[in-house]
Amino acid sequence: MTPIRKKRGVAGAILLFASVPAFGAAPEAASSGPVLTVDQAIRSTLENNQDIKVEAYAPAIARANVLAALGQFDPALNFGRNYSRSYGYPSIPEPLAPTLVKSDTYSLGLTGAIPTGLTYTIGGTAANERGPYNNFAGDYMTFGGVNLTQPLLRGFGFAANLVNVRVARANRSISEWQYRQTLIETVANVIVTYNELVLAHNNLRIARRYRELGATLLTENLQRLKAGSGSQNDVVTARAQVAQREEGILLGENAVRSTDNQLRELIGEKSFPSDRPLLVVEEPAVPQVTVDPPRDYQEALNRRPDYQAARLGITINRANSAAARNGLLPQVNLIGSYGYNGLASTFAASRQMIANRDVPSSAVGVNLSIPITNARARGQARAARLALEQSEASLKNLEAQIAVSVANAASQIETARKRVVADQAAYDLANQALAAEEKKLSLGTSSSQYVIQEQTYLSQVENSLANARFSERQAAAVYDEQLGMTLVRNHIAVAEDK
């Protein structure tokens, strides 16, 4: 699982979102829309995101495929009826005219197979053959019983006959894990986009405050110029600063609108008019994340959908390899039947002989087929073995990648926390420095240029603090995603239909 990315898309599950209030409307305002918390944004995404709805079909389709795979063992009721006319020659040395023979055959039986490879037919057959030899009278030969064919080598056992079922079941589980991964990625994207919108609003607020500081300085310089204690140069410099700082507001407003649209798209909205009121968001609390590398690595292996899907991929390759090895064996089939025969001039009488068990019938035999080169089976077995080895090596590689990603995510949390502390201290000091410089200016011991420098530094530090707080929340979201804990952290349960 890669770190949080701007990606949407996500398998037959029921979503249960615990203890989240409804999406409420904001007070009437021309420049603001509904008040949206991060929990409300997540719930709205789960309910309305079209990519999630599309992906939700995948587990249902996979479950249907399991049913289809199990269908190979469904019994079938078969009925057959044939009529034939043929001419034959008596088996004597002298050539005679051909004689007409008519025959009717009937069959009714229940056929099927079981996972050991055994195929069976339970039912009966009837043949009525008529010709000159019996003056075309009825001559019914019937059989009722069971016919069995059991492979002894190739085609014998669960490995050979349950491969499709095992693959289908593994694919069903994979689709459920993939759906869960898409949910994790989508929810994580919502959290990050929500925090980006909070950051965009903060940056816009800082830009507006920066301009207001410049406007205040301009007013004070005008007053000093009017009082005779200021200079025209200070007024021009301050006015230039106010004009320059307008650009930051324009860029900030555009960033807010763009990020607002991104969040609206994630929560399922389909239209984005430029005059729509902006969402009102609130700065979320930073999740309390406790870093414990050994525990967290094991947690990631247990919860990450990509790892669980990779393990199931090995299960599929193992099943295919076992079935392919079975295909290398010779074909040896044990064939047997047991039942009762009947022979009479009417079908009813012949059938009654079977019911009375007058004439038992049994047979047993062996069919043997040995391929000469068996190139196809050997190639399939080799490819299946290599695919299994490849998937096992890939899983080990993924384990190493997970260990690195979890360690890096943990490091990001610690770094982000330290950044917030450092930037908060710098922000407090920058405020104090600006206040001191403004006081010196009012006493005539400083100049507008020094005040502008302190204002610029304060704006930069305040932006750094806003970004540090964003990074702290993002680091927590990335850490949860790397551990597969995003759904748990946000109280989202996924209940698959069984």
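How do the residues of the lining of the largest pocket divide into nonpolar, polar and charged? In this predicted model, the lining of that pocket holds 8 nonpolar, 4 polar and 4 charged residues. The volume of the largest pocket is about 330 Å³. Its lining is made up of 16 residues, and those nearest the pocket centre are Val 38, Ala 285, Pro 287, Arg 489 and Asn 490. Two or more lining residues are given by each of α1 (38-48), α5 (163-227), α11 (448-483) and α12 (486-489). Among these elements, α11 gives the most to the lining of the largest pocket, namely 4 residues.

The second largest pocket has a volume of about 260 Å³. It is lined by 13 residues, and His 201, Leu 204, Arg 208, Val 256 and Leu 278 lie closest to its centre. The elements that supply two or more residues to the lining of this second pocket are α5 and α6 (232-266). The largest share comes from α5, with 6 residues. By residue class, the lining of the second largest pocket consists of 5 nonpolar, 3 polar and 5 charged residues.

Key:
Residues numbered from 1 in each chain as written. Predicted model: local features only at pLDDT ≥ 70, side-chain atom pairs only at ≥ 80, totals over all residues. Heavy atoms only, no water. 1 Å grid on protein atoms, 1.4 Å probe; cavity = no way out; pocket = protein on both sides within 12 Å on 5 of 7 lines; lining within 4 Å. Points joined across faces, edges and corners; volume = space filled by probe spheres on them. Nonpolar A, V, L, I, M, F, W, Y, C, P; charged D, E, K, R; others polar.
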